[in-house]
Amino acid sequence: MKNLILMLIVVLGVACAAPEQGPAVVDWQVAELPAIDSVKGAPTLVDTKLGKAVRFNGESDGYFLGENPLKGMTELTIEVIFRQEADAAFEQRFLHMGRVNGPRILFETRVNPDSTWYLDTYIRLDKETDLVLIDPNQTHPTDRWYNLAMVVAEGKATSYVDGQMQLTGEIPYREIVEGITSVGVRQNQVCWFKGDLYRIRITPRALTPEEFLKDHEALNE
């Protein structure tokens with residue numbers, strides 16, 4: 001009888017045990033970034049209809065965070081709510097997660113003389129494995145708010161602007177464990193961003209465009 005009772009206790013304990021928790025959603029208001037190790041230049045807080053955003057001057061402004069939010073994620077959706085200024089340099093790099101030259105993900109734009117820009121998202125896993133999603137023909141007007149997104153799942157990555165697919169490509173993605181995060185500039189302090197950043201969200205699953213953030217719509221009203 002005692003053995004039966006002990007067995008029941010063990011079974012009930014296993015049944016009631018909390019399920020293993022996977023990585024949590026990372027949702028950063030750029031005006032309130034956590035774990036900032038250092039600030040370069042003087043990023044400026046600006047008012048928007050949804051609260052504060054951060055303005056970067058394109059020359060010296062950037063944040064460096066002592067954490068890599070990609071850790072633990074083997075499937076993910078990265079979103080950035082951003083506004084690109086028209087008089088920025090051609091190459092703009094404003095979100096860099098991972099290492100400088102090792103495994104990493106970057107969000108970038110290229111700015112044209114006609115006040116348009118196009119998206120560049122980049123994944124590098126090792127010397128033989130990387131993916132660039134960039135198309136100079138898919139341009140968008142500057143000086144407006146946008147949702148930039150990249151979904152990585154099932155062996156491919158797909159980029160979006162305001163929920164509209166830009167490009168897709170194959171990559172055998174695996175967790176990027178090491179590194180830190182820079183916002184407003186690449187980690188080696190080149191290609192400084194000129195414009196505003198409001199929000200960065202990283203979800204540990206593949207979202208559909210219908211599930212993407214809609215902050216840009218309110219910011220443009």
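**Entry 1: positive phi.** I located D162 in the loop between β13 (156-161) and β14; strands here are DSSP runs of E with at least two residues, and helices are runs of H or I with at least four, numbered from the N terminus. I noted that D162 has a positive phi of about 50° although it is not a glycine. D162 is partly exposed because its relative accessible area is 33%, where buried means under 20%, exposed over 50% and partly exposed in between, with a 1.4 Å probe and protein chains only.

I then turned to Q189, found in the loop between β15 (180-183) and β16 (194-203). The phi of Q189 is positive and near 60°, again in a residue other than glycine. Q189 has a relative accessible area of 34% and therefore counts as partly exposed.

**Note on the model.** I am working from a predicted model, in which local features need pLDDT of at least 70 and side-chain atom pairs count only at pLDDT 80 or more, while totals for chains, interfaces and linings use all residues. Residues are numbered from 1 along each chain as its sequence is written, and side-chain values use heavy atoms, with hydrogens and water left out.

**Entry 2: aromatic pairs.** I paired rings of Phe, Tyr and Trp (its six-membered ring) with centres within 6.5 Å, calling planes under 30 degrees apart stacked, over 60 edge-to-face and the rest tilted. The count comes to nine aromatic pairs. F82 and F94 are stacked, because their ring centres lie 5.2 Å apart and their planes meet at 20°. This pair links F82 in strand β6 (residues 76-84) to F94 in strand β7 (residues 91-98), twelve residues apart. F82 is buried at 0% relative accessibility, and F94 is buried with a relative accessible area of 0%.

I next examined W117 and Y146, whose ring centres are 5.0 Å apart with planes at 85°, so the pair is edge-to-face. W117 lies in β9 and Y146 in β12 (residues 145-153), so the contact ties together parts 29 residues apart in sequence. W117 is buried at 0%, and Y146 is buried at 5%. I found that F56, Y63, F82, F94, W117, Y146 and F193 form one aromatic cluster.

**Entry 3: cavity.** Which residues line the largest cavity? I list Y118, L119, L133, I134, D135, Q138, S159, Q166 and L167. These divide into five nonpolar, three polar and one charged, with Ala, Val, Leu, Ile, Met, Phe, Trp, Tyr, Cys and Pro as nonpolar, Asp, Glu, Lys and Arg as charged, and the others, Gly among them, as polar.

Definitions and conventions
On a 1 Å grid over the protein atoms alone, a cavity is a set of points where a 1.4 Å probe fits but cannot get out, and a pocket is an open set with protein on both sides within 12 Å along at least five of seven lines; lining residues have an atom within 4 Å of a point.
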